[in-house]
Amino acid sequence: VQTCALPISIEGAWISFEKEPIRKFAVRSSAYRGGLSRIEDGETVYYEFLADAHTGTVLDISRKKGAID
């Protein structure tokens, strides 16, 4: 587990209220998609994630720079 000593400011966050079916290898489940944004080095950076609907475990996360459509 990595920790950060600096304060982190979240600019915005969202999560979809609709579960979506997913399949990871042979396991089928459902998940929620969400995201957050924060300022890094003067630029807004977006993160999108996929979280298991039953356990809350983050299954995937990706970092995006710039605006999200």
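Start by selecting Arg63 and Glu40: their side chains meet in a salt bridge, with 2.5 Å from N to O. A salt bridge here is a side-chain nitrogen of Lys or Arg within 4 Å of a carboxyl oxygen of Asp or Glu. This pair links distant parts of the chain, since Arg63 is in strand 5 (residues 58-65) and Glu40 in strand 3, 23 residues apart. Strands are DSSP runs of E, at least two residues long, numbered from the N terminus.

A quick word on what you're looking at. This is a predicted model, where local features need pLDDT of at least 70 and side-chain atom pairs count only at pLDDT 80 or more, while totals for chains, interfaces and linings use all residues. Residues are numbered from 1 along each chain as its sequence is written, and side-chain values use heavy atoms, with hydrogens and water left out.

Is Glu40 buried or exposed? Glu40 is buried, at a relative accessible area of 14%, whereas Arg63 is partly exposed at 46%. (Buried means under 20% relative accessible area, exposed over 50%, and partly exposed in between, using a 1.4 Å probe and protein chains only.)

Next stop: Tyr47, in strand 4 (residues 43-52). Its side chain makes a polar contact with the side chain of Arg63, at 3.3 Å. A polar contact is a pair of N or O atoms within 3.5 Å; within protein, one must be able to donate a hydrogen and the other to accept it, and residues adjacent in sequence count only if both atoms are side-chain atoms. Beyond its neighbours within four places in sequence, Tyr47 is in contact (heavy atoms within 4.5 Å) with several residues, including Arg38, Glu40 and Arg63.

How many salt bridges does the structure hold? There are three. To see another one, select Glu20 and Arg33, whose side chains meet at 2.9 Å, N to O. Glu20 lies in strand 2 (residues 20-24) and Arg33 in strand 3 (residues 27-40), so the pair ties together parts 13 residues apart in sequence. Glu20 is partly exposed at 24%, and Arg33 is partly exposed at 32%.

Technical notes. Helix = DSSP H or I, 4+ residues; strand = E, 2+ residues; numbered from the N terminus.
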